[in-house]
Amino acid sequence: MINKKKKKKIDSVSVHSFSKGADLFFNIVVAIFAISCLIPLFFVVVISLTDENALATYGYRLWPKVWSFAGYRYLATMGGELLRSLWISILVTVVGTLINSTFTSTYAYAISRNTFKYRRFFTVFCLITMLFSPGMVANYIVVTNFLHLKDTLWALILPMAVSPFNIIVMRTFFKRQVSESIIESARIDGASELRIFTQIVIPLAVPGIATISLFAALGYWNDWFNALLYIQSDNLIPLQYLLMKIQANIEMLSASSGMGSQFGGSLLAIPKEATRMAMVVIATLPIAVSYPFFQKYFVRGLTIGGVKE
Amino acid sequence: MENDVNPEEIKKVSHPKKPKEGFFYNVFHNGPFLLFALPGAIWMIFFFYIPVFANVVAFKEFHFSPDGFLASLMQSKWVGFENFKFLFTSDAAWLITKNTLLYNLGFISLNLIISVFFAIIMSELRHKRLVKVYQTSMLLPYFLSWVIIGYFVMAFLNPDKGLLNMMLHTDINWYAEPKYWPFILLFIGTWKGIGYNSILYFATVMGIDPTYYEAATVDGANKWQQIKNITIPQLVPLMTLMSILAVGNIFRADFGLFYQVPQNSGALYNVTSVLDTYIFNGLTSTGDIGMSSAASLYQSVVGCVLLVSTNALVRKLDGESALF
């Protein structure tokens, strides 16, 4: 009895906790780093809400002298280009994530089954792709000259349509979560393999599929590299690439939108700096708002296929 | 085709318990699984196996042919190792190799030390809810693209308006001063990944058997002694594994970091050029596909050798954790 009580006390107080003084000190250390991770976003939001003249006079400040919504108002008038890029980004993210999670899980499921005779071949076929990298140049030549995907939406979707690493992770996950006996019993009941996969395997694998889907969605939303390589048409520019182009050349904002005349009658009135930062905020917001809710899936992704078999 | 299948069917019917394992029987029998694997396999062919083959351009004087892919490959003239000779006699090869290796070594060591430091601290903090808040905040940069991070950095380093010049009352043209960039790049690259890595180590610390700490407490060990003698030794296997895996990728630089954050500024090339940016610039702006593909193949081959040997090392130390 006494022993038990003592053990409990140690558990809650001494194991994994600093003394009060050290606790305060290390809290400050970690808090400083945590704030350093949040402050750039806060800073960008503030710049996007600063008056353009104040920006020109005082530069970027953590707390502006003059607040203004002009940047966002200009974004609203500029409409077309931004909305198109936003639409491209959303379309690519949705379609890409669907393709990626479907193909990655079906492949992983196939090679996770001991009843699949060619599982070894397909496992090695996938592992080899992780071993060697074909390189940027070879990929570029194949995508542009062989598949002829340059300046198509597929150039943004297909290069990331399957993730060999996630296949291996999911294979382990399927092996552990979906036992052969469940599948065998469904088979005896006369279910087809497709039906087994959609109605038994997927429901059992939801955490794993959610994780790889989130990683895929994040990858597609954040992608600018494929656009940089393969997209020249103005109609197919995803949001991240638009931001990149505007960062290199802020004048694009006025030149390409052609809306300058509607905004106060003169090109000078365009709040370029604030507008640019407002676009950064719009590209960041979906992630910043949603990731705390999905965080557990991402973190689980670290350990999901951690143990190989 | 039909003639091949039919006898199999007949055999199946006449010997239901002992099916003959012919190729067509197997394909038919494994049909659903093959269909499941098919899309992924086709993708790997088009986005891995064919590009690997396309690496022959490194040995050619490459020109795009209007007749398509094969024509481009076939009609380009063989030049043997000419492209490689060109690459390795230029100063660039040494510079980009050195930069790639040194930056990656920096990232590996900084990441290791700081992630483990934060993981241990966070496991010992008293307010577990606060720890959650810290972890969530620290993850934010990890989820953002390099374009966004590039804007973040610009907000601080913009020569006219940036916060640093404003606060320090200086007039430094950050994007043209190479001497600051090794530190900036090391800082940004590490900062972006710390949240993710420290959670990995944090999970391991939380998984350590609490009886070790109880026993240590009973024996009168203080916190520092516990960390030094229990936590860190328990983390060593994971630390070793992560470092070895990172060394396997030491020849691959994070393109986004070295391209977006310094804004591809020419004045900084000496300190920001790594293999990946060099290959990219060769491919897109200078149009020197031969040299670029030689550098690309050089990176892939050395990278592959490193990956295989580090993996062999992992397998030796801890077979469970080996990638393959």
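Chain B has a radius of gyration of 27 Å, whereas a compact globule of 324 residues would be near 20 Å. Welcome to a predicted model in which 83 residues of chain B are in contact with 86 residues of chain A. The predictor gives this complex an ipTM of 0.85 and a pTM of 0.85.

- The C-alpha trace of chain B spans about 80 × 60 × 35 Å along its principal axes.
- Chain B contains 16 helices and 2 strands, while chain A has 16 helices and 0 strands.
- Of the 324 residues of chain B, 37% count as buried; for the 309 residues of chain A, the figure is 41%.
- If you take the contacts in chain B with a separation of 6 or more, residues 24 or more positions apart account for 64% of them.
- In chain A, 71% of the contacts between residues at least 6 apart in sequence join residues at least 24 apart.

**Where the chains meet**

- On the chain B side, 83 residues take part, facing 86 residues of chain A.
- Helix 3 of chain B (residues 31–54) supplies the largest share of that side, with 17 residues.
- Sorted by class, the side of chain B that touches chain A holds 55 nonpolar, 21 polar and 7 charged residues.

**The nonpolar core**

- The largest nonpolar core has 147 residues, and those with the most contacts inside it are Val44(A), Ala110(A), Val137(A), Leu243(A) and Val280(A).
- Helix 8 of chain B (residues 146–157) gives the most to this core, contributing 10 residues.
- Which residues does Val280(A) touch, not counting those up to four places away in sequence? They are Val44(A) and Leu243(A) in its own chain, plus Ile148(B) and Tyr151(B) in chain B.

**A closer look at Val57(B)**

- You will find Val57(B) in the loop between helix 3 and strand 1 (60–61) of chain B.
- Is Val57(B) buried or exposed? Val57(B) is buried, because 24 other C-beta atoms lie within 10 Å and 20 or more are enough to count as buried.
- Leaving aside neighbours within four places in sequence, Val57(B) is in contact with Val137(A) and Ile141(A) across the chain boundary, and with Phe62(B), Leu73(B), Ser76(B), Ile289(B) and Ser293(B) in chain B.
- One of these partners, Val137(A), is also among the residues with the most contacts inside the largest nonpolar core.
- Val57(B) and Met291(B) are 234 residues apart in sequence, yet their C-alpha atoms are 9.7 Å apart in space.

**Annotated spans in chain B**

- An unreviewed UniProt entry places the feature "transmembrane region" at residues 33–57, 102–121, 133–157, 180–203 and 232–251 of chain B.
- Residues 33–57 of chain B are 88% helix and 0% strand, with end C-alpha atoms 36 Å apart.
- For residues 180–203 of chain B, the span is 96% helix and 0% strand, and the end C-alpha atoms lie 35 Å apart.

- The mean pLDDT of chain B is 84, with 92% of its residues at 70 or more.
- Residues 1–5 of chain B have a pLDDT below 50, and this stretch makes 2 contacts in the model beyond near neighbours in sequence.
- Where pLDDT is low, the predicted coordinates should not be read in detail.

Definitions and conventions. Residues numbered from 1 in each chain as written. Chains lettered and ligands numbered in written order. Predicted model: local features only at pLDDT ≥ 70, side-chain atom pairs only at ≥ 80, totals over all residues. Helix = DSSP H or I, 4+ residues; strand = E, 2+ residues; numbered from the N terminus. Buried ≥ 20, exposed ≤ 12 C-beta atoms within 10 Å, placed from the backbone. Contact = placed C-beta atoms within 7 Å. Nonpolar A, V, L, I, M, F, W, Y, C, P; charged D, E, K, R; others polar. Core = buried A, V, L, I, M, F, W, Y, C linked by C-beta atoms within 7 Å. UniProt positions renumbered as here; feature names shortened; annotations may be inferred. pLDDT = per-residue confidence, 0-100. Rg over C-alpha atoms; globule rule 2.2 N^0.38 Å.
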